[in-house]
Amino acid sequence: MNKKMIPMYLTSFRMSLVLPIILLIIYENYGLASLLWIIAGLTDALDGFLSRKWSAQTTAGALLDPVADKILTLSILILLCYFQKIDPFLVILLVSRDIYVTGLRSIAADKGLILYAKPLAKWKTTLQIVGVFLMLIGFQVSFYIEQAGYGLLWVCVLMSWLSAWDYTNDFRKKFKFIEFSS
């Protein structure tokens with residue numbers, strides 16, 4: 001096996017964990033759901049670390065990694081919203097931001113450029129993973145742990161829109177001299 005493919009395998013593995021986590025949440029097995037959730041979160045950090053360490057960064061990886069993050073985080077947040085564990089407004093704000101940034105990235109990709117993940121966006125993703133983890137654990141252990149996780153998710157909302165501003169500025173800089181035609 002080519003070790004440079006391992007980051008892509010980790011990204012695919014992360015996406016494959018979504019359905020089991022959803023089923024575990026539906027059946028209220030929050031302990032196992034939180035374990036799989038944190039494993040998925042660790043694969044996000046590991047695939048980025050390995051791709052940089054082994055110089056295995058690819059265009060496909062730069063595009064698929066954030067998609068895998070969105071599939072994982074947004075599907076679980078929407079599910080938690082459905083079960084009335086989190087405020088729908090929180091989910092709407094996060095989904096709206098992700099659609100906006102995906103749109104910017106799509107325009108950039110169409111012009112042959114990539115808007116790489118910003119540090120603030122990486123922190124936002126990390127805090128989202130921790131926030132959801134604390135909520136899932138909190139459902140079984142402690143209301144206070146659950147509320148700490150919920151509070152972190154609201155911090156993520158703020159960070160997500162600040163990172164959208166970073167992406168917008170990057171987009172403007174990269175496309176300053178490119179004329180858009182229909």
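N169 is partly exposed, with a relative accessible area of 23%. For the terms, buried means under 20% relative accessible area, exposed means over 50%, and partly exposed is in between, with a 1.4 Å probe and protein chains only. N169 sits in helix α7, residues 143–174. R97 is 72 residues away from N169 in sequence, and their C-alpha atoms are 15 Å apart.

Before I go on, the ground rules. This is a predicted model, where local features need pLDDT of at least 70, side-chain atom pairs count only at pLDDT 80 or more, and totals for chains, interfaces and linings use all residues. Residues are numbered from 1 along each chain as its sequence is written, and side-chain values use heavy atoms, leaving out hydrogens and water.

Now the confidence. The mean pLDDT of the chain is 91, and 96% of its residues reach 70 or more; pLDDT is the predictor's confidence in each residue, from 0 to 100. By element, the lowest mean is in helix α4, residues 59–82, at 89. Helix α2, residues 18–26, has the highest, at 97. Where pLDDT is low, the predicted coordinates should not be read in detail.

Next, the overall fold. What does the secondary structure come to? There are seven helices and zero strands, giving the pattern α-α-α-α-α-α-α along the sequence. Helices here are DSSP runs of H or I with at least four residues, strands are runs of E with at least two, and both are numbered from the N terminus. The radius of gyration is 17 Å, close to the 16 Å that the globule rule gives for 182 residues, so the chain is as compact as a globular protein of that length. That radius is taken over C-alpha atoms, and the rule is 2.2 Å times the number of residues to the power 0.38. The C-alpha trace spans about 55 × 40 × 25 Å along its principal axes.

Of the 182 residues, 45% count as buried. Among contacts with a separation of 6 or more, 77% are between residues 24 or more positions apart, where contact means heavy atoms within 4.5 Å. The accessible surface is about 10,000 Å², with 68% of that belonging to carbon and sulfur atoms; areas are from the Shrake-Rupley method with a 1.4 Å probe, and for residues only the protein chains shown count as cover.

On charge, there are 17 positive and 12 negative side chains, and the centres of the two sets are 9 Å apart. Lys and Arg count as positive, Asp and Glu as negative, with His and the chain ends not counted. Each charge is placed at NZ of Lys, CZ of Arg, CG of Asp or CD of Glu.

Is V18 buried or exposed? V18 counts as buried, at 8% relative accessibility, whereas L19 is exposed at 54%. Both belong to the helix: V18 and L19. Setting aside residues within four places in sequence, V18 contacts I71, L72, S75 and I76. S75 comes up again with L19: the two are 56 residues apart in sequence and 9.3 Å apart, C-alpha to C-alpha. V18 and S51, by contrast, are 33 residues apart in sequence and 22 Å apart in space, C-alpha to C-alpha.

D44 is in helix α3 and is buried, with a relative accessible area of 14%. Which residues does D44 contact beyond four places in sequence? They are R14, D65, D69, T125 and I129. T73 is in helix α4 and counts as buried at 5% relative accessibility. Again leaving out residues up to four places away, T73 touches W37 and Q128. I129 lies 56 residues from T73 along the chain, with 7.6 Å between their C-alpha atoms.

Last, the backbone at two loop residues. Most residues other than glycine have a negative phi. S55, in the loop between α3 (30–53) and α4, has a positive phi near 50°. Q84, in the loop between α4 and α5 (88–110), has a positive phi of about 60° and is not a glycine. Both residues are exposed: S55 at a relative accessible area of 54%, Q84 at 72%.
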